Amino acid sequence: MSESVNSRIQGFYKLPVRGRLDALRTHAGLDAESGAWFAEGGGLDLSVADKMSENVIAVHGLPLAVALNFRVNGRDLVIPMSVEEPSVVAAASNAARMVRDSGGFVGDADAPVMTAQVQFDDVEEPDHAASRILAEKDRILRAGDASIPRMIERGCGCRDLEVRVLDRHAGVMVVDLHVDVGDAMGANTVDTVAEAVAPVIHAMIGGTIGLRILTNLPMRRRVRVRCDVSAEAVGGAAMADGIARASRFAELDVQRAVTHNKGFMNGLDAAAVALGQDWRSIEAGAHAYVALEGRYRPISTWARTATGLTGRAELPLALGTVGGSTTAHAGVRAAFKLLGVTHAQELAVVLAAAGLASNLAALRALSGEGIQKGHMKLHARKAEAEQAAVNGHAVHGHTLPEVRP
Ligand code: MEV
């Protein structure tokens with residue numbers, strides 16, 4: 001990402017699509033290759049699609065948009081988002097503009113350590129078996145490393161393991177292996193490690209080898225993000241009070257927490273889809289994480305301060321800037337170039353910030369005039385496009401969204 005990126009591009013939403021690309025060239029360092037790909041309308045070659053999945057018959061389309069106004073850890077960012085729901089991108093951009101006035105989002109992510117699980121059943125004396133595994137920890141980790149030589153060359157590899165007895169009577173136990181996967185999402189790497197160490201451990205403890213697979217709750221790969229926003233920026237002290245009350249509602253009520261979290265995931269998932277991430281794993285991990293204490297909680301909370309509000313969020317986030325569709329999909333490559341983020345840890349902070357912005361926008365709308373007014377204006381644009389599609393022609397020209405991003 002170029003230091004000269006300016007994500008606050010005024011009037012962007014008023015421009016036609018090509019004008020938006022010109023603005024990104026000027027303000028966000030959009031390079032010629034990605035610009036050309038966007039200018040052609042994006043998409044995915046059918047031949048590439050045919051290799052990404054099975055039984056392929058066509059390519060499915062979604063809008064590719066950009067959320068503006070983001071500043072994360074002191075850097076301006078234009079965040080690609082792909083989502084079918086109107087108003088998600090406008091809302092995130094709107095909230096990012098409010099937060100920007102107070103310095104933007106700040107966050108940090110744990111080292112990219114993914115966890116693989118190896119299950120054993122029918123182990124005799126599982127507590128002794130656990131001690132044996134711990135005594136041979138280094139040998140097991142080295143066996144895991146031997147299965148991923150290319151990752152070792154990049155400084156990645158097995159870092160630690162834990163053993164848990166799940167059912168003493170039936171001899172069920174699990175070995176959790178923690179593996180630094182660098183800038184990859186890491187599923188393939190840790191699955192390889194799990195399959196490599198299973199027979200090594202089996203030779204030590206006997207029993208029956210069970211599953212060997214990552215967990216989508218990567219507890220050692222968490223991201224934290226926070227931001228301040230002034231009462232003035234959100235529309236005044238009464239609105240700031242309303243947002244804090246809305247946050248409290250989500251803390252007190254599970255049904256509200258689920259919807260609150262859906263609003264958070266609106267921005268995070270939209271960016272994840274545009275950037276070719278495994279959004280099912282993100283969703284699975286995020287919701288499990290906030291239920292770990294036995295009660296489903298909001299991923300993010302907003303507290304009143306003397307001058308406005310502070311928002312915070314924490315969740316596990318397994319993302320990759322290399323491998324998977326980040327290599328195979330031309331649009332994902334272009335989206336990454338536009339975003340300008342090369343490390344998985346930084347990507348995690350950015351996506352968490354997108355989530356926090358979406359959540360702020362939703363709570364602000366709900367605490368004020370309600371969600372429907374702004375929502376319905378943008379839904380009306382979508383309905384217009386739908387009607388045009390039914391009538392057999394595309395909508396050309398670009399109706400202005402009345403909700404200013
Ligand atoms: C709609 O996609 C998301 C919201 O329901 C989130 C929320 O209620 O906080 C508006």
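A: Happy to! Let's start at Gly267, which sits in helix α11, spanning residues 254–274 (helices are DSSP runs of H or I with at least four residues, strands are runs of E with at least two, and both are numbered from the N terminus). Before going on, please note that this is a predicted model, where local features need pLDDT of at least 70 and side-chain atom pairs need 80 or more, while totals for chains, interfaces and linings use all residues. Residues are numbered from 1 along each chain as its sequence is written, and side-chain values use heavy atoms, leaving out hydrogens and water.

Gly267 has a relative accessible area of 0%, so it is buried (under 20%, with exposed over 50% and partly exposed in between, for a 1.4 Å probe and protein chains only). What touches Gly267, leaving aside its neighbours within four places in sequence? The contacts (heavy atoms within 4.5 Å) are Met81, Val88, Ala354, Gly355 and Ser358. Take Ser358: 91 residues along the chain separate it from Gly267, yet their C-alpha atoms are 5.3 Å apart.

Now to the sheet. Its four strands run in the order β5-β6-β4-β7, antiparallel in their pairing, and the sheet is open (two strands pair if DSSP finds at least two bridges between them). At the edges, pairing on one side only, are β5 (157–167) and β7 (208–214). From one strand to the next the twist averages 20° (axes are lines fitted to C-alpha atoms, for helices over the stretch in contact, with angles of 0 to 180 degrees between N-to-C directions). Nine bridges join β5 to β6 (residues 172–180) in the antiparallel sense, and Gly157 stands opposite Asp180 of β6. Helix α5 (residues 126–135) packs on this sheet, touching β5 and β6, with its direction at about 175° to that of β5. Helix α8 (residues 187–205) lies across β4 (113–121), β5, β6 and β7, at about 35° to β4.

Finally, the rings: the whole structure holds two aromatic pairs (Phe, Tyr or Trp six-membered ring centres within 6.5 Å; planes under 30 degrees apart are stacked, over 60 edge-to-face, the rest tilted). Trp37 and Phe38 are edge-to-face, because their planes meet at 75°, with centres 5.6 Å apart, and both residues are buried. Phe70 and Phe105 are stacked, at 5.6 Å between centres and 20° between planes.
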